Number of protein chains: 2
Amino acid sequence: MTTRQSIILADGRDLFYFDLAPGADRSAKDQRELPQTATSSQIRWDPLFSEWSVIAGHRQSRTYRPPTSLCPLCPTRDDENLTEVPAADYDVAVFENRFPSLTTEAGESVPVVDDFPFKSGPGDGRCEVVCFTSDHNTSFSQLDTAHARTVFDALADRTAALSAIPTIEYIFCFENRGEEIGVTLSHPHGQIYGYPLVPPRMLRAAETAADYEREHGACLRCELLRREIEAVDRIVTATEHWTALVPFAARWPYEVRIIANRHVPDLPALTDTERDDLATIYLDVLGRFDRLFETPAPYIAGWHQAPVRTLRDSWHLGAEIFTIRRAPGKLKYLAGSESGAAVWINDISPEIAAARLRGD
Amino acid sequence: MTTRQSIILADGRDLFYFDLAPGADRSAKDQRELPQTATSSQIRWDPLFSEWSVIAGHRQSRTYRPPTSLCPLCPTRDDENLTEVPAADYDVAVFENRFPSLTTEAGESVPVVDDFPFKSGPGDGRCEVVCFTSDHNTSFSQLDTAHARTVFDALADRTAALSAIPTIEYIFCFENRGEEIGVTLSHPHGQIYGYPLVPPRMLRAAETAADYEREHGACLRCELLRREIEAVDRIVTATEHWTALVPFAARWPYEVRIIANRHVPDLPALTDTERDDLATIYLDVLGRFDRLFETPAPYIAGWHQAPVRTLRDSWHLGAEIFTIRRAPGKLKYLAGSESGAAVWINDISPEIAAARLRGD
């Protein structure tokens, strides 16, 4: 059973320990002299393309590929490297990002502007770092199921906690893995962004699902899942409570969605059994990405949770995992079509990708 | 005055020469034995996120970083390297991509499927390659204004020609420059995609502009331009007919939009004077990107043209140029927030970016 303890870091940020079993002593204090960082996060509206972007001008000085001996996500094993995690060991640790893209402190320094065509406001959200394990030299896919389950408990706990912050509209839990994706810290970790807006991709999905439910009295993703199971050829693997498949219109060379078989809105809504089962299928899918090429594939994994305050009933929980590697030594870059026009060109057919991920 | 000649390549593809002056002999025949390539481009609809993606499963074998002596975009100077361009020299050459993401031949082999939730059809469009110059070792920014003007004449000509293909809904002219963006051929070139759909980003912009015009009886981008000129601090440079500025909600570290001062829908609608003037400001802006860092910045440049068949009157032409380099040796990667949720996090404030691009 996952247990939670918390401390306050030297500059006032929260840190939470999630342990597999009760009784661990996580009371170690942060011994650093840590100056407060300046944060000036702002959201700005683009009236031409109808979307928000986040301007986080203070983040350029963030830690960039430190040597392993100075890894800030390792536990504090000795006085030589006083890290972000004061305890000498941990199972899963979550703390507020020292260089956040979004921060609840932005509201104090950034004004609200609404003077057409200029619309902006504070980036009044929260960014947390999730250390999956104290072992620097491993990866999520190497965790055992009990440990992975604790990671999902941590994500569910933090989703519930961030949902209670009034300015936050959407909680996005994700992992970037691999230097090819620009990861600046190699210690196995993910992130949680609490956005003060519903991200455009999620808003479109939420509105589409709500429209479908209004028209058909059913859940779009439940129906989609039923049809995909009938079609068979894009299914990668399944457990009692979850189904992993390559989407019919996959954008990435290898892309998998892990969909809850039950209609649930978000991670906090999962039962114990569903969480245990999630650990099993998630590790299975990550293992398949590790085996696609001669070296483990770089990937981005993110959770599709319901928005915090709107269109929740029609939402259906799933995760998305994709790699940008299209062949050994070759990456799929987001170039003109994707970055300029938002049309993804995928060089691998979803049915072939699914067969390769199944190991056919 | 730009003159145009055309030939048919050995496998039936079109090639067009655009020359600065009449009289050049471009009649050289393609001497290669070139087998037809198999194309199977398909568009597929994602019903959850409401967007199309393009599945182009045949493109994995495309040419990947050939040595300069085998560059397929150089003119055919001798029998050692029979390139895509049979003439011994050229000013600007445009030809159909041998490994296209979209092709008008897809309609013959790819069925239309509309069996909810599965919706797909042929990727019935056209992809062209635009060789900016026969000189392998230069870049767009080094062209003289008369030559750059000929490139824009070529883009305008091809936009008009592709607009006449009944299945094509949007013409996107763009350039990817730099290995960091995944460019596989270093010869200075751009691309033209004729999509059988209006790309999601452009559709949103077109609908937003149409809504604004309906409500206010005015053009959104004309109004935006007026206000940006008043605000001053994001303006990078200007000519009589064009204004270059960093958008208020810029998504990228350094991003510039070059906006036509006159309300015009697309490149074919530009006058001679506007095209000459465009060459001047475009080269000026590219030069600024070249000087941002110690080496020329990798960039993506793309034209925001009106959709071919819909919402044209309210559209206002502009170009977008951005670099993914955020600091010397550091790239802005599209990771979880951008690729997963479509929320761009920009570490450089637009006002600071504009000042640096102005050279303040």
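**Figure 1. Where domain 1 meets domain 2 in chain A.** In this predicted model, 27 residues of domain 1 of chain A are in contact with 28 residues of domain 2 of chain A. The helix α2 (145-163) and the strand β9 (170-177) of chain A each bring at least two residues to the side of domain 1 that touches domain 2. Of these two, look to α2(A) to start with: its ten residues are the largest share of that side. Sorted by class, the side of domain 1 that touches domain 2 holds 14 nonpolar, seven polar and six charged residues. To place the view within the chain, note that domain 1 of chain A covers 3-197 and domain 2 of chain A covers 201-358. Their centres, taken over C-alpha atoms, are 24 Å apart.

**Figure 2. The contact between chain A and chain B.** Here 65 residues of chain B come together with 64 residues of chain A. On the side of chain B that touches chain A, helix α3 (residues 200-216) of chain B gives the largest share, six residues. That side of chain B is made up of 38 nonpolar, 16 polar and eleven charged residues.

Figure 3. Strand β18 (residues 344-346) of chain A and strand β4 (residues 51-55) of chain B run parallel and are joined by three bridges. Which residue of β4(B) is the bridge partner of W344(A)? The partner is S53(B).

**Figure 4. The axis that relates the two copies.** Chain B is superposed on chain A by a rotation of 180° with 0.0 Å of shift along the axis, and the RMSD is 0.0 Å. The two copies are therefore related as by a two-fold rotation axis. The two copies also use the same surface, since 98% of the contact residues of chain B recur in chain A. To find the axis from chain B, go to L334(B), whose C-alpha, at 4.0 Å, comes closest to the axis among the residues of that chain.

**Figure 5. The eleven-stranded sheet of chain B.** Follow the strands of this open sheet in the order β1-β2-β5-β8-β10-β9-β14-β15-β13-β12-β11, with antiparallel pairing. At the edges stand β1 (3-8) and β11 (235-238) of chain B; each has a single partner strand, so one side of each is left without a neighbour in the sheet. From one strand to the next, the twist averages 20°.

Figure 6. Is β15(B) mostly covered or exposed? It is mostly covered, as six of its six residues are buried. G318(B), E320(B) and F322(B) point one way from the strand, while A319(B), I321(B) and T323(B) point the other way, and all are buried. Strand β14 (residues 299-304) of chain B runs antiparallel to β15(B) and is joined to it by six bridges. In that pairing, G302(B) stands opposite E320(B). β13(B) also pairs with β15(B) in the antiparallel sense, again over six bridges. There, Y254(B) has T323(B) as its bridge partner.

**Figure 7. Strands β12 and β13 of chain B, with two helices across the sheet.** Strand β12 (residues 242-245) and strand β13 (residues 254-260) of chain B run antiparallel, with four bridges between them. Within this pair, W242(B) faces its opposite residue A260(B) in β13(B). Helix α4 (residues 220-231) of chain B lies across β11, β12, β13 and β15 (318-323) of the chain, at about 65° to β12(B). Helix α7 (residues 350-358) of chain B lies across β11 and β13, at about 40° to β11(B).

**Figure 8. A close look at R275 of chain B.** This residue is found in helix α5 (residues 272-292) of chain B. How many C-beta neighbours does R275(B) have inside 10 Å? It has 19, so R275(B) counts as partly exposed; a buried residue would need 20 or more. Leaving out residues up to four places away in sequence, R275(B) touches R149(B), F152(B), D153(B) and L270(B). R275(B) also lies 10.0 Å from A146(B), C-alpha to C-alpha, although the two are 129 residues apart in sequence.

Technical notes:
Residues numbered from 1 in each chain as written. Chains lettered and ligands numbered in written order. Predicted model: local features only at pLDDT ≥ 70, side-chain atom pairs only at ≥ 80, totals over all residues. Contact = placed C-beta atoms within 7 Å. Nonpolar A, V, L, I, M, F, W, Y, C, P; charged D, E, K, R; others polar. Pairing = 2+ DSSP bridges. Domains from an automatic or database assignment. Least-squares fit on C-alpha atoms with pLDDT ≥ 70 in both. Axes fitted to C-alpha atoms, helices over the stretch in contact; angles between N-to-C directions. Buried ≥ 20, exposed ≤ 12 C-beta atoms within 10 Å, placed from the backbone.
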